[in-house]
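Subject: Structure handover

Hi,

Here is the structure I said I would pass on. Please have it open while you read my notes.

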Amino acid sequence: MDIVNNKVDVLVIGAGASGAAFSWKLANSGIKVMCLEQGDWLDPLTDYSTSNSDWEIHRQTDFNPNPNFRSMKVDYPINDTESPIAPLMYNAVGGSTIHWSAHFPRLKPSDFRVKTLDHVADDWPISYFELEPYFDLNDKMMGVAGIIGDPAYPPKSPRQTPPVGLGKLGDKITHGFDKLGWHWWPSDSAINTVDYDGRPGCNNCGPCDLGCSIKAKSSTDVTYWPKAIKLGARLVTNARVREITVDRYGKAKSAIYYDSDGNIQEQYASTIVLAANGIGTPRILLNSTSTKFPEGLANSSGLVGKNLMFHPYSIVTGIFDEDLEGHKGPTPLNIICSEFYETDHSRDFVRGYAYQVVRSSAPLATALSGHVPWGEKHHEAFKKRFNRTITFAVIGEDLPETHNKVTIDPNLSDSFGIPSPKIEYRLSDNSRKMLGHGVKTATQVMKAAGATEVTHDPLKREAGWHLMGTTKMGADPKDSVVNKYGQTHDVDNLFVIDGSIFVTAGAVNPTSTIQALALHVADHVISKSK
Amino acid sequence: MRTLSKSNSDTLTVIVDLLIPKKGSLPSPSDINVVEHIDDTISDAPQLMRLFVEGLRDINDKDFLSLQEKEQIDLLQKYECSNSLFFAELIRHTYNGYYTNPIVVRAIGMTGHPPQPKGYNLEQGNNFKLLEKVRERGQIWRNP
Ligand SMILES: Cc1cc2nc3c(=O)[nH]c(=O)nc-3n(C[C@H](O)[C@H](O)[C@H](O)COP(=O)(O)OP(=O)(O)OC[C@H]3O[C@@H](n4cnc5c(N)ncnc54)[C@H](O)[C@@H]3O)c2cc1C
Ligand code: SF4
């Protein structure tokens, strides 16, 4: 060991969506909390490309959401050759919220009770209504744009800012929903549409996935972290955790990590909290073997890494014969359709799906869409699509299956030599039928809205945005890894707070729920420390 | 040029202009330095450099520059099938250079500025009023 550090009360691993919310809550209660993050801070003004003319090229290089393409020093490689969906993430202060589209829907009440309602998977040991105060607190901290009154949800508290504008494109597609009499709503969105909490309103520049240089998009490096640090939280960057050690009683003792100079440091802590996301967290646990835990830490159930869920996506694109000004406004338009969300026994699948509306692609993305040939017909094909497309991301609920998993690849490691993860994932029959249904109904909406042509991709590969299920929550230690407080059944001073603890996936983006859970676990840790 | 030889860059100039022909206010790639863009990109990426240098050498071996335009297009179409890896990169980097150039971005109807710092004015839209009908249809969340 090169450097050994003094013990801290609580050590968090990962400074993304969950780690930030948790650390703020603890610091706010006066607890000494330290966070180790493998990435670094990004400066929104200088590190994001959207003020340069080559901004779109950065999607292929340093801002590609796939760490295998990005291959930066802060990234670790992932073997995804046995998965039709590639896992995506970002490694920095703010974690994957640097990249995210800031869709901020909550899971719905039925999502927490799928066994009771639909006889599949398991119920969560916690309900929507127990989480509600944490959803509300998190909304306040992140800043949510939206409109209350959505009949697809129980009533919610007022949103912090008005909804993201519809523009011409939004008007067009909402006519389609209206014609069919189907549900649509401006989905909650973690974007300031007007000034809020010291950050400005969005100026509708478009590419939120490349980072928001004016800080209108609520990534946790600009929401929770500045506040947490002010309250005394310590954030150590360029610190990649290799493993968690245990003492002779089987309690978590320390985290061993590589610092930016390649030194190995050991950080002792009374409580250790994993927030490294649905792939990073099982990777650390499976790499933390000892005589007491030969199969990996907290893995007596054998479920660490199992039940990986992604949310499979189909993409449906309508082409319209007028200019929809589709480059104006956040690319994720944040309209959600929940018409097919809940189980309907007349269909040939259980559970359901939603679709989210995406504005038109930018010029380079349009040209590279695969629909614009080279040669004589090039300009005509480009013109037909540019600013004239509307896309639905059909997001389906994939149920937990133990053969979908994260394991350690014996032949792959990161730049420090730490063994890297391998993903194995198969699309279930239920998901395939669900997405097929989604493509049909999405096509109906497009046609109702006036699309002249509709194309689709039945399963998008670069769509592993949501990483869930790999340290499942539950009451029974034989059938789950953590309890309802994120505390591992095997090691009582070890917690998990990221998307790994999801029991099921729902069919909406997970981060609002991930953060609400992190705040709920934080309350438990605070109450235990008193 | 940092990497491409004179003959390779001459060949590439003809190729990129066939991939994206000049039309009205839309310039040809060679008018706006797309070949220089590709040369810069491959100079910093050894694998890509090899792919381009070898791919262009193969095309040059067929006496590409002395062919008629129609024959050049036929040859490129053959290459698209027989050397798809090189061709995909050729397309990607040609489009990269072309569609990030402010002259092109203006010509397709945008301001020509990058998204920030100015952003855009977005109409709020007229259809929020339609939400009343959605609300009137009543609760659709399932109460467990
Ligand atoms: C392109 C993209 C778009 C998305 N859009 C949306 C959206 O619109 N809505 C939504 O709800 N979700 C979206 N997501 C997903 C969302 O970003 C994640 O759900 C959320 O960030 C997960 O939070 P987390 O805390 O679990 O993990 P993360 O935010 O991924 O944070 C994990 C952190 O842990 C660090 N870490 C990992 N391993 C180690 C280690 N060994 N040592 C030290 N540090 C480590 C990582 O560097 C990272 O910073 C999107 C994701 C991507 C990639
Ligand atoms: S569209 Fe708005 S939120 Fe998105 S990056 Fe631009 S300014 Fe930020």
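What follows is a short tour: the larger chain's fold, the chain contacts, the ligands, and a few local details.

Keep in mind throughout that this is a predicted model.

**Chain A**

Chain A has twelve helices and 16 strands.

**Where chain B meets chain A**

On chain B, 49 residues are in contact with 65 residues of chain A. The buried area between them is about 5,000 Å². Carbon and sulfur atoms give 65% of that area.

Polar contacts join 26 residue pairs between the two chains, counting pairs with both residues at pLDDT 80 or more. Which parts of chain B supply at least two residues each to the side that touches chain A? They are helix 1 (6-19), helix 4 (69-82), helix 5 (84-99) and helix 7 (131-136). Helix 5 of chain B gives the most, with seven residues. By class, that side of chain B divides into 27 nonpolar, 13 polar and nine charged residues.

Two salt bridges are found across this interface. In one salt bridge, the side chain of A:Asp178 meets that of B:Lys133, at 3.0 Å from N to O.

**Ligand 1**

Ligand 1 is surrounded by 38 residues. The closest are A:Ser18, A:Glu37, A:Ser96, A:His103 and A:Thr511. A:Glu37 also has a side-chain N or O atom 2.6 Å from an oxygen atom of ligand 1. A backbone N or O atom of A:Ala17 is 3.2 Å from an oxygen atom of the ligand. For A:Ala102, the corresponding distance from a backbone N or O atom to a ligand 1 oxygen is 3.1 Å.

**Ligand 2**

Where does ligand 2 lie? Its place is between chains A and B. From chain A, its surroundings include A:Cys202, A:Cys205, A:Cys208 and A:Cys212. A:Ile191, A:Asn203, A:Gly206, A:Ile214, A:Lys217 and A:Pro330 are also there. Chain B contributes B:Gln116. The shell has seven nonpolar, three polar and one charged residues.

**A salt bridge within chain A**

Over all chains, the whole structure holds 37 salt bridges. One of them pairs A:Asp197 with A:Lys227, with the closest N and O atoms 2.5 Å apart. A:Asp197 lies in the loop between strand 4 (185-186) and helix 7 (224-230) of chain A, while A:Lys227 is in helix 7 of that chain, so the pair ties together parts 30 residues apart in sequence.

**Two backbone details**

Most residues other than glycine have a negative phi, and most peptide bonds are trans. Two places depart from this pattern.

The peptide bond joining B:Gln116 and B:Pro117 is cis, with omega about 5°. B:Pro117 sits in the loop between helix 6 (102-107) and helix 7 of chain B. B:Gln116 is also one of the residues around ligand 2.

A:His119 is not a glycine, yet has a positive phi of about 60°. A:His119 is in the loop between helix 4 (114-118) and helix 5 (128-142) of chain A.

Best wishes

Terms used
Residues are numbered from 1 along each chain as its sequence is written. Chains are lettered from A and ligands numbered from 1 in the order in which they are written. This is a predicted model: local features need pLDDT of at least 70, side-chain atom pairs count only at pLDDT 80 or more; totals for chains, interfaces and linings use all residues. Side-chain values use heavy atoms; hydrogens and water are left out. A residue is near a molecule or strand if one of its heavy atoms lies within 4 Å of it. Ala, Val, Leu, Ile, Met, Phe, Trp, Tyr, Cys and Pro count as nonpolar, Asp, Glu, Lys and Arg as charged, and the others, Gly among them, as polar. Contact means heavy atoms within 4.5 Å. Buried area is the accessible area (1.4 Å probe) that two parts lose on being put together, summed over both. A salt bridge is a side-chain nitrogen of Lys or Arg within 4 Å of a carboxyl oxygen of Asp or Glu. A polar contact is a pair of N or O atoms within 3.5 Å; within protein, one must be able to donate a hydrogen and the other to accept it, and residues adjacent in sequence count only if both atoms are side-chain atoms. Helices (H or I, at least four residues) and strands (E, at least two) are DSSP runs, numbered from the N terminus.
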